[in-house]
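Here is a note to read beside the model. Take the points in order and find each residue as you go.

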Amino acid sequence: MKVLIVGGGGREHAIAVSMKKSSRVERIYCVPGNAGIAQIAECEPSIGVMEFDKIIAYAREKAVDLVFVAPDDPLVGGLVDALREAGFRTFGPDRKAAILEGSKAFSKDLMKKYNIPTAAYETFDDPAEALRYLETAKMPIVLKADGLALGKGVLICNTLEEARAGVKEIMEDKHFGSAGNRMVVEEFMTGREVSVLSFVDGRTIKPMTSAQDHKRAKDGDQGLNTGGMGNFSPSPFYTEEVDAYCKKYIYQPTVDAMAAEGRPFKGVIFFGLMLTPEGPKVLEYNARFGDPEAQVVLCRMKNDIMDVVDACIDGTLDQVNLEFEDNAAVCVVLASDGYPVSYQKGFEIRGLENFEGKEDYYCFHAGSKFDAQGRVVTNGGRVLGVTAKGATLKEARAKAYDAAEWVTFDNKYMRHDIGKAIEEV
């Protein structure tokens with residue numbers, strides 16, 4: 001098969017590495033790709049993920065057999081629909097299903113309607129109404145921009161003053177653009193956060209192994225929200241009891257709810273969960289692989305990824321036995337200092353050759369490109385996802401942090417406590 005991946009980050013690099021292992025994949029193409037993906041795929045950096053006509057033309061030119069749409073924006077924007085209309089076999093939810101991530105108000109209303117456990121909430125289109133509501137609300141409280149905001153449109157407000165400032169930031173100053181035209185105000189939940197990715201074929205859902213993200217920019221979960229500064233899998237807090245509860249009350253009910261709404265979901269659903277004292281509740285849904293969750297989950301999957309992709313598209317997922325290695329993986333994100341606010345790009349990345357031929361070590365590129373001299377340079381806030389596997393989480397964590405020193409670039413920044421919670425178990 002010839003496969004085209006749409007996207008250019010660490011998630012897409014992890015997907016490409018999985019596809020490279022498949023005996024069924026002959027050629028991999030990627031738009032726009034990055035310098036890391038270019039090692040195993042033919043990339044076209046001039047085509048952006050929202051340039052649907054160009055993507056379709058490129059897919060025709062390369063005569064690809066399947067297109068894998070990975071990022072949120074093109075999924076919510078309807079790229080899957082456009083590709084299917086153009087005759088391409090495509091993996092990912094269509095526009096009607098991708099609203100599960102595209103609108104937090106939609107997903108919260110869906111959970112309320114179908115009794116899926118989640119935090120209590122209210123939705124607002126008018127900032128004045130939101131402010132009036134907050135006057136009597138219990139603090140802390142959570143404000144969420146309704147639309148897509150690169151995983152950063154969530155504010156946790158400890159005081160009424162912070163909440164007022166948050167309404168201004170989201171709804172009036174439009175810090176997250178049109179994503180803030182509508183806002184969800186949610187009760188603050190406490191507990192461990194766990195991420196579970198799952199394959200879905202419209203009716204059947206097969207959860208993957210669990211993972212745990214670190215969203216804040218700085219050690220000790222301080223600083224601003226980011227797209228994710230590191231991850232580990234599996235989560236020791238995601239027990240068999242939690243899994244059984246989620247399968248019964250969250251996972252299958254979500255798939256059934258989407259089908260009942262005339263929005264059958266085919267692709268990957270990311271469940272962001274909070275393990276509260278009252279039981280697991282849904283924090284958020286994403287309509288695709290998480291980043292950097294994909295990096296720690298896919299490297300542990302035993303199945304040929306193309307077999308699972310085909311089953312999701314064809315509605316035969318019930319025939320797939322999804323299997324994962326009995327080990328662990330940890331990803332440490334190497335970022336540009338100043339991320340997620342402002343940072344410099346274009347610094348040469350040195351030491352990438354240290355990963356060549358190393359079993360259990362991966363260096364997934366998130367923000368890299370080739371410069372005019374052909375050197376690999378930084379090209380984003382999150383630059384690399386250094387990932388290692390080990391027999392245990394502690395071993396994987398030690399290996400990942402060792403490997404994080406193998407590569408250098410000016411203004412390199414990372415958290416030093418990714419997976420530290422492991423040591424509490």
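Is C299 buried or exposed? Point 2 has the reply.

1. **Ground rules.** This is a predicted model, where local features need pLDDT of at least 70, side-chain atom pairs count only at pLDDT 80 or more, and totals for chains, interfaces and linings use all residues. Residues are numbered from 1 along each chain as its sequence is written, and side-chain values use heavy atoms, leaving out hydrogens and water.

2. **Cysteines.** C299 counts as buried, at 4% relative accessibility. Buried means under 20% relative accessible area, exposed means over 50%, and partly exposed lies in between (1.4 Å probe, protein chains only). C30 is buried too, at 0%. The structure has zero disulfides; a disulfide is a pair of cysteine sulfur atoms within 2.5 Å.

3. **The open sheet.** Five strands pair in parallel, in the order β3-β2-β1-β4-β5. The edges are β3 (42-43) and β5 (90-91); each has a single partner strand, so one side of each lacks a neighbour in the sheet. Strands here are DSSP runs (E, at least two residues), helices likewise (H or I, at least four), numbered from the N terminus. Two strands pair if DSSP finds at least two bridges between them. Strands β1 (residues 2-7) and β4 (residues 66-69) are joined by four bridges in the parallel sense. V3 has L66 of β4 as its bridge partner.

4. **Helices on the sheet.** Helix α2 (residues 52-62) touches β1, β2 (27-32) and β3, and its direction makes about 160 degrees with that of β1. Helix α11 (residues 305-314) touches β1, β4 and β5, at about 90 degrees to β4. Contact means heavy atoms within 4.5 Å. Axes are lines fitted to C-alpha atoms, for helices over the stretch in contact, and angles run from 0 to 180 degrees between N-to-C directions.

5. **Backbone exceptions.** Most residues other than glycine have a negative phi, and most peptide bonds are trans. Check K174: its phi is positive, about 55 degrees. K174 sits in the loop between α8 (160-172) and β9 (183-187). The bond from M139 to P140 is cis, with omega near -5 degrees. From Y339 to P340 the bond is cis as well, with omega near 15 degrees.
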